[in-house]
Amino acid sequence: VLLFCLLPHALDKMAAQTEKGIPLSSLCPKFLHTNSTSHTWPFSAIAELIDNAYDPDVNAQQLWIDKTLIRDKECLIFMDNGNGMNWDKMHKMLSFGFSDKQTINGHVPVGLYGNGFKSGSMRLGKDAIVFTKNGTTMCVGLLSQSYLENIKAKQIVLPIITYCQKSRRKKDQSKASLNAIMKHSLFCTDWELLEQLDAITGEHGTRVIIWNLRKTFNGQTEFDFDEDENDIRILVDIMNTPCKTQKTKVTLEQSEPQCKSSLRAYCSILYLEPRMEIILRGQKVITQLFSKSLSNIEKYTYKPRFLTIEKIPITFGKNAENMEQYGIMMYHKNRLIKAYERVGCQRKVRVLHLLHHAGILHLYLYR
């Protein structure tokens, strides 16, 4: 459950905006962090950003995920070749609760509540900057906890600047936002901002850069970028002694699926029927179709009595590649929401040998 952090003392000092004399609701900047805690696992936060590129309003054919160093800060980069955004769409994406996504030609959007970008990006790092172009205009928007802390903001402030894509000239109303972005982001000049917009190949697309990445208690980032140059892996901090801390890989049981610690493995099963190519650190992610890795397959359908929905297809089988990995692969709107979820007797510490080889259970939820 998301907790709103509208602190009373902050509200007392805040000059409330009104609509016909009635105070409007305000949102404390601390909510950016509070909202991000809905993601206890960093890959679920990354999935929110992938969904934004996948959904039909953007309809990207390719998404690039990479790590880079800008001004000595480790950054995550997400770039797609989708439809891009104008000022209004950028402002709605950086704000809360705005979502007008609709199904287009059978392509059902994953996003519904207009919260994914905020919760996902702020879970990965304190600060994010968005570059986008849609063929007519180019926009740059800043969503930054560091910026809000520095200016002691009482509400969330969103600097956004707009360029004409053809002339590359800024619009007049962008001056205050430009000053804020150049002072509080990784890019200090107009030329550097345009350089990032030029990095978006083609006439339209979006590029997101996240920095001040979330760190563990010993000051290390929670990701391992070094073990595999074509992957991003999750790390954990382990205190060896009271005086010594070291950074090691997650200790996994032999039966633990790779998707728990490898972003490449996770992305390979993220969508039941992929519509978009994901390139992770320069190498294409190869989709893993579980139906082809199962043996002794049996198919059923289930229709809940208490819901007026179509029948839910369920596929049962054994994992032919690794029988130690079993549980339910649960998809909703084509997107994975639970992986290897063990149910019933599978949750017991000691499971019958036959049940231990029950393999992967597929539950596809369409609504």
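A residue is called buried when its relative accessible area is under 20%. With that in mind, welcome to this predicted model. Cys139 has 0% relative accessibility, so it counts as buried.

**Cys139 and its surroundings**
- Cys139 sits in strand β6.
- Apart from neighbours within four places in sequence, the residues in contact with Cys139 include Met85, Trp87, Met90, Phe131, Ile161 and Leu197.
- Between the C-alpha atoms of Cys139 and Leu193 there are 9.8 Å, although 54 residues separate the two along the chain.

**Other cysteines**
- Cys28 has 8% relative accessibility, so it is buried.
- Cys164 reaches 31% relative accessibility and is therefore partly exposed.
- A disulfide is a covalent bond linking the sulfur atoms of two cysteines.
- Searching the whole structure turns up zero disulfides.

**The largest nonpolar core**
- This core holds 81 residues, and Ile50, Ile129 and Leu193 have the most contacts inside it.
- Helix α3, spanning residues 42-54, gives the core its largest share, with eight residues.
- Setting aside neighbours within four places in sequence, Ile129 is in contact with Leu193 and also with others, among them Val140, Leu142, Ile181, Phe187, Ile209 and Trp211.

**Helix α8**
- Helix α8 covers residues 190-198, and its buried residues are Glu192, Leu193, Leu194, Gln196 and Leu197.
- The cover over these buried residues includes the strands β5 (125-134), β6 (137-144), β7 (160-164) and β8 (204-213), along with helix α7 (175-184).

Note on methods. Residues are numbered from 1 along each chain as its sequence is written. This is a predicted model: local features need pLDDT of at least 70, side-chain atom pairs count only at pLDDT 80 or more; totals for chains, interfaces and linings use all residues. Side-chain values use heavy atoms; hydrogens and water are left out. A nonpolar core is a set of buried Ala, Val, Leu, Ile, Met, Phe, Trp, Tyr and Cys residues joined through side-chain atoms within 4.5 Å. Buried means under 20% relative accessible area, exposed over 50%, partly exposed in between (1.4 Å probe, protein chains only). Helices (H or I, at least four residues) and strands (E, at least two) are DSSP runs, numbered from the N terminus. Contact means heavy atoms within 4.5 Å. A disulfide is a pair of cysteine sulfur atoms within 2.5 Å.
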